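Biologist: Hi! Could you walk me through this structure before I set anything up?
Modeller: Happy to, here it is.

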Amino acid sequence: MSDQRSADVIVIGLGPGGEDVAGRLAEAGLDVIAVDRGLVGGECPYWGCIPSKMMIRAANALAEAARAREVAGDVGDIKPRWQLVADRIRDEATDDWDDTVAVERLQGKGARFVRGHGSIERRQDDGGLVVSVEGTEYVARKAVVVATGTTPAVPPIEGIGDVDYWTNHGFVEARELPDSLVVLGGGAIGCELAQVAARFGVRVTVVEKAPRLLAVEEPRASELVEQALRDDGIDVRTGVGATHVEAHGTGGAVRLRLDDGSELTADRLLVASGRRVDVRAAGLHTVGVDPDARAVPVDEWGRVTDGVWALGDIVGHGAFTHMSMYEADVVVRDVLGQGGPAASYDAIPRVTFTDPEIGAVGLTEAQARERFSNVRVGSVDVATTTRGWIHGPGGAGFISVVEDADRGVLVGATSAGPTGGEVLGFLALAVSAQVPVQQMIDMPYAYPTIHRGIQNALKDLGS
């Protein structure tokens with residue numbers, strides 16, 4: 001076999017984490033083959049983090065323009081123009097979904113790029129792993145790193161395979177928005193895109209089978225977001241699921257039947273009901289992973305088995321770009337034998353970029369009470385703090401903290417409000433570093449800021 005068919009490391013999947021691993025290992029002097037059948041950079045720059053936040057920024061600007069009437073004066077007619085957003089996503093964020101620049105960046109670091117579907121096939125007698133890419137075999141002498149991400153989970157609703165539904169990809173790529181939209185799923189993606197659409201004049205209905213939106217967050221956060229969506233004119237239906245969907249006219253229009261007996265019609269259906277892992281697609285079942293696993297089991301260094309590492313969405317610690325980048329750093333250091341801290345998942349930060357933003361880290365109150373015997377909770381309403389009161393319209397939110405009182409440290413927190421994701425930084429550090437609660441109470445906080453409310457929430461612990 002020629003040298004072109006072997007490498008020290010083969011990386012399968014080039015989202016943010018996989019691309020980072022391939023580039024850094026190549027820069028460290030290893031021979032690296034980087035494989036992806038899709039766009040180098042993955043979901044985040046082309047359909048996820050970057051373009052969606054461009055849309056959210058635009059939608060929030062429209063909302064702020066409307067709020068200006070209450071605090072500043074008449075700003076004239078507000079006329080949403082989706083074309084401006086669509087053009088910016090194409091021209092500034094995605095290069096019209098062309099990854100030439102990303103490929104050149106990766107190759108500039110010394111990695112060899114192979115376009116195609118990569119899958120582990122078998123282990124060589126000498127311990128090397130064979131990776132097949134569209135029928136061509138490559139041997140990894142030292143390591144295979146799998147970072148193949150997830151794909152949209154489509155619920156098993158009767159008829160859904162016969163209709164032209166959107167996932168987040170279709171929404172992000174849309175040159176025009178429909179007049180009406182049904183969103184299946186009230187998680188972070190569903191709530192964010194529903195609010196964007198509504199602020200651009202779309203009649204939106206959100207259908208969530210769970211009892212509340214953002215089911216992984218504190219109940220108060222769910223209530224806050226639901227009220228915000230309703231204030232934007234969105235019809236929110238929780239505790240109800242879809243049982244049947246069918247085409248209703250042309251151009252992607254649908255009719256849905258819900259399990260409460262009601263029906264909905266819309267010009268478009270957006271499926272935002274979670275993500276799924278495909279273990280078999282990457283060949284991980286050939287190295288001992290259950291092919292039906294919902295996440296790939298790894299140790300604290302990202303090791304699946306001897307010579308195989310995995311990271312990112314597929315390992316199940318959060319489908320976030322920042323998690324894949326965090327895990328990429330751990331994997332790179334382990335492959336290179338550099339040591340350093342292993343991965344820790346006690347202080348995972350997450351943000352839902354609705355308006356208001358929902359930032360959270362660590363455990364919810366319910367999770368903490370399952371794990372610790374002495375839990376205290378404190379909170380403050382952002383609107384009652386000085387900065388929240390100054391902010392006025394759009395200033396709804398709260399800061400809550402969850403303490404393991406036996407140790408006197410925070411194990412979770414939520415920061416909801418106009419800058420919820422930014423305020424979260426302080427709280428994420430506190431949970432990660434186990435900063436004593438009393439030390440945080442005693443320190444000075446800049447005035448007047450929203451983050452100053454953290455001190456009030458801490459003082460409320462146990463009251």
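What follows is a chat about the fold, the rings and some local backbone features.

Biologist: What should I know about where the model comes from?
Modeller: This is a predicted model, where local features need pLDDT of at least 70, side-chain atom pairs count only at pLDDT 80 or more, and totals for chains, interfaces and linings use all residues. Residues are numbered from 1 along each chain as its sequence is written, and side-chain values use heavy atoms, with hydrogens and water left out.

Biologist: Good to know. How many helices and strands are in the chain?
Modeller: The chain has 14 helices and 22 strands. Helices (H or I, at least four residues) and strands (E, at least two) are DSSP runs, numbered from the N terminus.

Biologist: And what is the radius of gyration?
Modeller: The radius of gyration is 24 Å, close to the 23 Å from the globule rule for 463 residues, so the chain is as compact as a globular protein of that length. The radius is taken over C-alpha atoms, and the rule is 2.2 Å times the number of residues to the power 0.38. Along its principal axes, the C-alpha trace spans about 70 × 60 × 40 Å.

Biologist: What share of the residues is buried?
Modeller: Buried residues make up 52% of the 463 in the chain. Buried means under 20% relative accessible area, exposed over 50%, and partly exposed in between (1.4 Å probe, protein chains only).

Biologist: How about the accessible surface of the chain, what does it come to?
Modeller: About 20,600 Å², and 47% of that belongs to carbon and sulfur atoms. The areas come from the Shrake-Rupley method with a 1.4 Å probe; for residues, only the protein chains shown count as cover.

Biologist: Switching to charges: how far apart are the mean positions of the positive and negative ones?
Modeller: They are 2 Å apart, for 44 positive and 67 negative charges. Lys and Arg count as positive and Asp and Glu as negative, while His and the chain ends are not counted. Each charge is placed at NZ of Lys, CZ of Arg, CG of Asp or CD of Glu.

Biologist: Now the rings. How many aromatic pairs are there?
Modeller: The count comes to six aromatic pairs. Rings of Phe, Tyr and Trp (its six-membered ring) pair if their centres lie within 6.5 Å; planes under 30 degrees apart count as stacked, over 60 as edge-to-face and the rest as tilted. Tyr46 and Trp47 have ring centres 5.9 Å apart and planes at 55 degrees, so that pair is tilted. Tyr46 is buried at 6% relative accessibility, and Trp47 is buried too, at 14%.

Biologist: Which residues do ring pairs link into a cluster?
Modeller: Trp82, Trp166, Phe171 and Phe200.

Biologist: On to Ile56. Is that residue buried or exposed?
Modeller: Ile56 counts as buried, at 7% relative accessibility, and lies in helix H3 (residues 49-71).

Biologist: What does Ile56 touch?
Modeller: Leaving out residues up to four places away in sequence, Ile56 touches Glu192, Val196 and Phe353. Contact here means heavy atoms within 4.5 Å. Ile56 and Phe353 are 297 residues apart in sequence and 7.5 Å apart in space, C-alpha to C-alpha.

Biologist: Last one: what is phi of Glu134, and of Leu214?
Modeller: Phi of Glu134 is near 50 degrees, a positive value in a residue other than glycine. Glu134 is in the loop between strand S5 (129-133) and strand S6 (136-146) and is exposed at 57% relative accessibility. Phi of Leu214 is also positive, near 45 degrees, but Leu214 is buried at 4%.
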